[in-house]
Amino acid sequence: MIDWDQVARLRDEVGAEDFDDIVALFIEEVEEVTARLAKGQSPLSVEEDLHLLKGSALNLGFTRFSDLCQTGETLAAQGGTSQVDLHPILSAYAMSKAAFLQALPTAFDSQTSL
């Protein structure tokens, strides 16, 4: 569900302090987009929103969520927006977020500080 190697790479690249800001921004932006998707919107924005979510999720190691966004984005790009089932996508985000936030406080305990 979470690629902790990717999370560690990102944290190493940006530093521990900036990493916390990135996590907060990620959650804020994804919450906004997932809320918009949950409410329903035009078919054109579904593809764009899933593309945005896919990239953000992949960057922060949310692999399952990113994979589902990719599948939905591809389907929408092929004209199948009405066939995109958003429930598993939104559910994967909620589960990934919960797992991430639960494990994050101790995820880097064994690493030396930057």
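A salt bridge is here a side-chain nitrogen of Lys or Arg within 4 Å of a carboxyl oxygen of Asp or Glu. The structure is a predicted model, and a search of the whole of it finds four salt bridges. Side chains of opposite charge can pair when their charged atoms come close.

One of these pairs joins helix H5 to helix H2. The side chains of Lys97 and Glu31 meet in a salt bridge, with 2.8 Å from N to O. Because Lys97 belongs to helix H5 and Glu31 to helix H2, the pair ties together parts that are 66 residues apart in sequence. Lys97 counts as partly exposed, since its relative accessibility is 24%. Glu31 is likewise partly exposed, at 32% relative accessibility.

Beyond its neighbours within four places in sequence, Leu90 is in contact with Thr34 and Ala38. The C-alpha atoms of Leu90 and Thr34 are separated by 6.7 Å, although the two residues are 56 residues apart along the chain. With a relative accessible area of 21%, Leu90 is partly exposed; the cut-off for a buried residue is under 20%.

Together with Glu32, Arg36 and Asp49 are linked in a network of salt bridges.

The side chains of Glu73 and Lys54 form a salt bridge of 2.9 Å, N to O. This pair links distant parts of the chain, with Glu73 in helix H4 (residues 63-77) and Lys54 in helix H3, 19 residues apart. Glu73 is buried, its relative accessible area being 11%, and Lys54 also counts as buried, at 16% relative accessibility.

The surface holds a group of acidic residues as well. Glu17, Asp18, Asp20 and Asp21 gather there in a patch of negative charge. Among them, Asp18 is placed in helix H2, which covers residues 16-39. Asp18 has a relative accessibility of 43% and therefore counts as partly exposed.

Conventions. Residues are numbered from 1 along each chain as its sequence is written. This is a predicted model: local features need pLDDT of at least 70, side-chain atom pairs count only at pLDDT 80 or more; totals for chains, interfaces and linings use all residues. Side-chain values use heavy atoms; hydrogens and water are left out. Patches are made of residues with over 30% relative accessible area and no salt bridge: like charges are joined within 9 Å, nonpolar side chains (Val, Leu, Ile, Met, Phe, Trp, Tyr) within 5 Å. Accessible areas come from the Shrake-Rupley method with a 1.4 Å probe; for residues, only the protein chains shown count as cover. Lys and Arg count as positive and Asp and Glu as negative; His and the chain ends are not counted. The place of a charge is taken as NZ of Lys, CZ of Arg, CG of Asp or CD of Glu. Helices (H or I, at least four residues) and strands (E, at least two) are DSSP runs, numbered from the N terminus. Buried means under 20% relative accessible area, exposed over 50%, partly exposed in between (1.4 Å probe, protein chains only). Contact means heavy atoms within 4.5 Å.
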